[in-house]
Amino acid sequence: MGKYFNEQTKFKDVYNHKALTKIKDALFISNLLDSNVQNNWFIKEFGEASHDDCIAYYDFLVDRCLNNEAEIVNFYSEEEKSLDNSKKDTFMLYINNPNSNKVAIIIPGGGYNAVCSYQEGYPFAYHFYHRGYSAFIVYYRVAPYAKMPN
């Protein structure tokens, strides 16, 4: 049982949590999660992390937002994104550890299909933060704009 979430928490509950509004774009790239996943899946059902770890990661994100320690950093302006769809969904989630001047840059995998921040981003940011680091989780181009090399 977490501070904000529990074993009955679904993706939609995390996505709609008021404290997470300013980083909502970084929670899940919504076009990659169909409505069945968003509305019916519990956060424990997605990814490799244990149930308790999933709750801890999302609680961590809420705490960072409530303490003004999380924000989206865009690579491109809204105008640039509107003119070039390949620039959409490219940004960084910055999680500031105010007690540190060390930083970790986290580039989650995804196999050219998605950026797996919920498996390979938040867990690492959580652990780096608790070891005295700030973290940048990088969100980058994926299909159809990224091409697998031959």
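Predicted model: local features only at pLDDT ≥ 70, side-chain atom pairs only at ≥ 80, totals over all residues.
## Overall make-up

The chain contains 7 helices and 4 strands, and read from the N terminus these elements follow the order α-α-α-α-β-α-β-β-α-α-β. Of the contacts in the chain between residues at least 6 apart in sequence, 72% connect residues at least 24 apart.

## The sheet

The 4 strands make an open sheet with mixed pairing, in which the order is S1-S2-S4-S3. Strand S1 (70-74) and strand S3 (102-106) each have a single partner strand because they stand at the edges, so one side of each lacks a neighbour in the sheet. From one strand to the next, the twist averages 20°.

Strands of a sheet pair through backbone hydrogen bonds, in either a parallel or an antiparallel manner. In this model S1 and strand S2 (residues 91-95) run antiparallel and are joined by 5 bridges; asparagine 74, for its part, has phenylalanine 91 in S2 as its bridge partner.

## Helices against the sheet

Helix H4 (residues 51-66) lies across S1 and S2, and its direction makes an angle of about 80° with S2. Helix H7 (residues 122-129), in turn, lies across S2, S3 and strand S4 (133-139), running at about 165° to S4.

## Burial and surface

Of the 150 residues in the chain, 38% are buried, where buried denotes under 20% relative accessible area. The chain exposes about 8,600 Å², and 48% of this area is supplied by carbon and sulfur atoms.

Technical notes: Residues numbered from 1 in each chain as written. Heavy atoms only, no water. Pairing = 2+ DSSP bridges. Helix = DSSP H or I, 4+ residues; strand = E, 2+ residues; numbered from the N terminus. Axes fitted to C-alpha atoms, helices over the stretch in contact; angles between N-to-C directions. Contact = heavy atoms within 4.5 Å. Buried < 20%, exposed > 50% of the residue type's maximum accessible area, 1.4 Å probe, protein only. Areas by Shrake-Rupley, 256 points an atom, 1.4 Å probe, with all protein chains shown as cover.
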